[in-house]
Amino acid sequence: MSETIAEIYAERVAAGGLHHDEGQEAILPMLEDIRHHLETTKLKRKGILGGLFHKPQAVPQGLYLWGGVGRGKSMLMDLFFANLEIEEKRRVHFHAFMQDVHEGMHKARQGGAQDALAPVAAALTARLRLLALDEMQISDITDAMIVGRLFEKLFEAGVVIVTTSNRPPEDLYKNGLNRQLFLPFIDLIRAELVVHELVSPTDYRQNRLAGGQTYFTPLDAAARAGIEAIWKGFTDHGSPRPLVLTVKGRDVELPAVCSGVARANFYDLCARPHGPGDYLAIAEAVRMLILENIPTLGRGNF
């Protein structure tokens with residue numbers, strides 16, 4: 001029998017890779033229950049229709065893990081995901097996931113679909129049993145109107161969702177336009193997911209940078225090596241991808257995002273017609289921003 005997630009966590013603590021944290025340890029049994037179910041049960045496809053699953057009996061509740069920045073939510077998700085031995089799984093940043101959903105719906109509309117969300121949801125349920133979404137935050141009205149129907153379809157098909165967020169479900173899309181239409185989604189989250197706050201007094205992300213260099217000058221090989229080390233350390237050598245945020249009808253693009261960490265050049269963010277709302281959207285979408293190649297500011301570039 002393979003090691004439990006708690007045993008793997010304990011080994012990493014003993015080896016010095018992690019710090020003992022009671023708040024984190026309280027999450028491990030919940031993740032282990034989900035892992036055990038997914039590894040010991042199978043879903044059967046629906047006959048000739050294909051692409052859809054019968055919802056099995058006693059599908060476990062997923063997990064909505066929320067708490068302050070740097071408490072280890074993404075680390076626990078990574079630990080769970082890396083040690084889940086099934087193929088039908090996906091881990092993705094929430095904004096990148098919704099970006100994919102919008103692209104899929106656009107293609108469906110071009111193909112004449114009356115309900116553009118239906119083929120997107122069918123494609124997801126055809127290949128997924130576990131969807132791990134990091135950094136759930138909803139600030140766009142389009143996302144707010146889509147996410148409820150999408151999650152309903154995922155839950156109906158037996159897809160288990162594990163997600164992290166910096167805020168409780170009740171604070172999602174807070175003060176958003178037509179928020180009353182979004183409220184049933186909060187009830188759905190409460191019904192289908194275990195909502196648990198990760199309480200820890202330690203901001204591990206901040207501690208990893210405490211005392212370390214975070215401003216590099218001049219722009220030389222040593223500076224680039226220092227930035228690269230921070231990037232790899234906080235993204236666990238993952239694969240970055242662009243992220244486009246829609247703010248009041250405008251597109252704000254972050255060239256590289258991975259594990260909630262964004263990396264951009266000065267001219268990507270500071271030499272384009274962005275306003276305060278754009279920068280607030282960036283701050284909500286990512287937990288850390290690495291800004292590179294800042295020039296000497298003067299009349300020619302200010």
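Q: How much accessible surface does the chain have, and what share of it belongs to carbon and sulfur atoms?
A: The accessible surface is about 15700 Å², and carbon and sulfur atoms account for 53% of that. Keep in mind that this is a predicted model.

Q: Okay, and what percentage of the residues count as buried?
A: The chain has 302 residues, and 45% of them count as buried.

Q: How many helices and strands am I looking at?
A: Twelve helices and nine strands.

Q: Among contacts between residues at least 6 apart in sequence, what share join residues at least 24 apart?
A: That share is 74%.

Q: Let's get specific. Where does Ile-5 sit, and is Ile-5 buried or exposed?
A: Ile-5 is in helix H1, which covers residues 5–14. Its relative accessible area is 0%, so Ile-5 is buried.

Q: What does Ile-5 touch, not counting residues up to four places away in sequence?
A: With those left out, Ile-5 touches Leu-28, Leu-31, Glu-32, Arg-35, Leu-79 and Phe-80.

Q: Switching to helix pairs. How do H5 and H6 cross?
A: Their axes come within 8 Å and cross at roughly 125°. That angle makes H5 oblique to H6.

Q: Is that crossing left-handed or right-handed?
A: The crossing of H5 and H6 is right-handed.

Q: Which residues make the contact?
A: From H5 you have Phe-97, Val-101, Gly-104, Met-105 and Ala-108. H6 brings in Leu-117, Pro-119, Val-120 and Leu-124.

Q: How do those residues divide into nonpolar, polar and charged?
A: The contact of H5 with H6 has eight nonpolar residues, one polar and no charged ones.

Q: What about the loop between H5 and H6, where's Ala-116?
A: Ala-116 is in that loop, with helix H5 spanning 94–110 and helix H6 spanning 117–127.

Q: Buried or exposed, that Ala-116?
A: Buried: Ala-116 has 7% relative accessibility, and the cut-off for buried is under 20%.

Q: Which residues is Ala-116 in contact with, leaving aside neighbours within four places in sequence?
A: Met-105, Ala-108 and Arg-109. Ala-116 and Met-105 are eleven residues apart in sequence, with their C-alpha atoms 4.9 Å apart in space. Met-105 is also one of the H5 residues in the contact with H6.

Q: Back on H5, is Gln-99 buried or exposed?
A: Gln-99, which is in helix H5, counts as buried at 14% relative accessibility.

Q: And what is Gln-99 in contact with, leaving aside neighbours within four places in sequence?
A: Arg-241, Pro-242, Leu-243 and Val-244.

Q: Next pair: at what angle do H7 and H8 pack, and how far apart are their axes?
A: Helix H7 (residues 141–156) and helix H8 (residues 183–192) pack at about 25°, with the axes 9 Å apart. H7 and H8 are therefore roughly parallel to each other.

Q: Left-handed or right-handed, the crossing of H7 and H8?
A: The crossing of H7 and H8 is left-handed.

Q: Which residues make the contact there?
A: On the H7 side, Val-147, Gly-148, Phe-151, Glu-152 and Phe-155. On the H8 side, Phe-185, Leu-188, Ile-189 and Glu-192.

Q: What's the split by class?
A: The contact of H7 with H8 has six nonpolar, one polar and two charged residues.

Q: What is phi near for Asn-175?
A: Phi of Asn-175 is near 65°, a positive value in a residue other than glycine. Asn-175 is in the loop between strand E4 (160–165) and H8, and counts as exposed at 73% relative accessibility.

Q: And what is phi near for Asn-178?
A: For Asn-178 phi is near 55°, a positive value in a residue other than glycine. Asn-178 lies in the loop between E4 and H8. With a relative accessible area of 36%, Asn-178 is partly exposed.

Q: Last one: what kind of peptide bond joins Thr-217 and Pro-218?
A: A cis one, with omega about 0°. Pro-218 is in the loop between helix H9 (204–209) and helix H10 (221–235).

Notes:
Residues numbered from 1 in each chain as written. Predicted model: local features only at pLDDT ≥ 70, side-chain atom pairs only at ≥ 80, totals over all residues. Heavy atoms only, no water. Axes fitted to C-alpha atoms, helices over the stretch in contact; angles between N-to-C directions. Helix = DSSP H or I, 4+ residues; strand = E, 2+ residues; numbered from the N terminus. Parallel < 35°, antiparallel > 145°, perpendicular 65-115°, else oblique. Left-handed = near helix turned anticlockwise from the far one by under 90°. Contact = heavy atoms within 4.5 Å. Nonpolar A, V, L, I, M, F, W, Y, C, P; charged D, E, K, R; others polar. Buried < 20%, exposed > 50% of the residue type's maximum accessible area, 1.4 Å probe, protein only. Areas by Shrake-Rupley, 256 points an atom, 1.4 Å probe, with all protein chains shown as cover.
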